[in-house]
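Please look through the structure below before reading on. The notes that follow treat its helix packing, its nonpolar cores and a few individual residues in turn.

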Amino acid sequence: MATTTDRDTFTTVKKCIVLFGAAGAVVLGTVAVMAATGHTTTPFMWIRGVIFLAIAPFLHRLATRAAGGSAKAFDRVRTLSTVMPVAIIGVDLVPGLCPAWYAVLQGLSALALVAVAVLTRTSALAAAFPKQ
């Protein structure tokens with residue numbers, strides 16, 4: 001991982017992951033405010049909010065290791081950033097599982113991971129981490 005383009009791409013990837021974490025914090029904060037003001041919240045909303053917020057530092061660490069040349073970390077970032085948005089949106093589409101506002105906020109957080117999935121599939125990064 002020596003080229004300027006690769007470093008710039010990984011800088012953007014890490015910013016997107018921070019954005020995903022920030023969106024997760026907003027989701028969890030909104031759930032907390034809703035619960036504190038007497039609105040209905042569910043264990044699903046709390047657990048999912050905590051899990052997504054906890055995943056962000058893990059993804060950031062993987063991206064940092066990938067930027068340092070770890071092919072294993074790169075593969076994990078690519079895989080997680082591809083699978084997670086599909087899972088997030090897919091689960092949010094289950095009728096009655098969560099309120100629309102929650103699904104929208106979770107969907108917005110998933111957009112940051114979509115950007116990571118696209119960035120990690122550029123030809124420059126693919127060439128930097130050839131399949132073995």
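**Briefing on a predicted model**

In this predicted model, helices α1 and α4 pack with their axes 8 Å apart, at an angle of about 170°. Because an angle over 145 degrees counts as roughly antiparallel, α1 and α4 are roughly antiparallel to each other. The protein as a whole holds 5 helices and 0 strands, and its C-alpha atoms fill a box of roughly 55 × 25 × 20 Å along the principal axes.

**The contact of α1 with α4**

- On the α1 side, the contact is made by T9, T12, V13, C16, I17, L19, F20, A23, V27, T30, V31 and M34.
- On the α4 side, the residues that make this contact are W101, Y102, L105, Q106, S109, A112, L113, A115, V116 and L119.
- Sorted by class, the residues of the contact of α1 with α4 comprise 17 nonpolar and 5 polar ones, with no charged residue among them.

**The contact of α3 with α4**

- The axes of α3 and α4 lie 8 Å apart, and the two helices pack at an angle of about 160°, which makes α3 roughly antiparallel to α4.
- The crossing of α3 and α4 is left-handed.
- From α3, the contact draws on V77, S81, T82, M84, P85, I88, I89 and D92, while α4 contributes A103, Q106, G107, A110, L113, V114, V116 and A117.
- The contact of α3 with α4 has 11 nonpolar residues, along with 4 polar and 1 charged.

**The contact of α2 with α4**

- The axes of α2 and α4 come within 12 Å and cross at roughly 15°, so that α2 is roughly parallel to α4.
- The crossing of α2 and α4 is left-handed.
- Residues F44, M45, R48, G49, F52 and L59 of α2 meet W101, Y102, Q106 and L113 of α4 in this contact.
- By class, the contact of α2 with α4 divides into 7 nonpolar residues, 2 polar and 1 charged.

**Nonpolar cores**

- The largest nonpolar core has 22 residues, and F10 and F20 are those with the most contacts inside it.
- Helices α1 (4-36), α2 (43-67), α3 (71-92) and α4 (100-119) each supply at least two residues of this core, and the largest share of the core, 6 residues, comes from α2.
- Apart from this core lies another one of 5 residues, including V27, M45, C98 and Y102.

**Individual residues**

- Q106 has its place in helix α4, and because its relative accessible area is 1%, under the cut-off of 20%, Q106 is buried.
- Leaving aside neighbours within four places in sequence, Q106 is in contact with V27, R48, F52, I88 and D92.
- T9 is found in helix α1, and T9 counts as buried because its relative accessibility is 13%. Residues up to four places away in sequence not being counted, T9 touches L119 and L125.
- T12 likewise has its place in helix α1, but T12 counts as partly exposed, since its relative accessibility is 36%.
- T12 and I89 are separated by 77 residues in sequence, and their C-alpha atoms are 23 Å apart in space.

**The protein as a whole**

- The order of elements from the N terminus on is α-α-α-α-α.
- Of the 132 residues in the protein, 34% are buried.
- Among the contacts in the protein with a separation of 6 or more, 76% are between residues 24 or more positions apart.

Note on methods: Residues are numbered from 1 along each chain as its sequence is written. This is a predicted model: local features need pLDDT of at least 70, side-chain atom pairs count only at pLDDT 80 or more; totals for chains, interfaces and linings use all residues. Side-chain values use heavy atoms; hydrogens and water are left out. A nonpolar core is a set of buried Ala, Val, Leu, Ile, Met, Phe, Trp, Tyr and Cys residues joined through side-chain atoms within 4.5 Å. Buried means under 20% relative accessible area, exposed over 50%, partly exposed in between (1.4 Å probe, protein chains only). Helices (H or I, at least four residues) and strands (E, at least two) are DSSP runs, numbered from the N terminus. Axes are lines fitted to C-alpha atoms, for helices over the stretch in contact, and angles run from 0 to 180 degrees between N-to-C directions. Angles under 35 degrees count as roughly parallel, over 145 as roughly antiparallel, 65 to 115 as roughly perpendicular and the rest as oblique. A crossing is left-handed if the near helix is turned anticlockwise from the far one by less than a right angle, and right-handed if clockwise. Contact means heavy atoms within 4.5 Å. Ala, Val, Leu, Ile, Met, Phe, Trp, Tyr, Cys and Pro count as nonpolar, Asp, Glu, Lys and Arg as charged, and the others, Gly among them, as polar.
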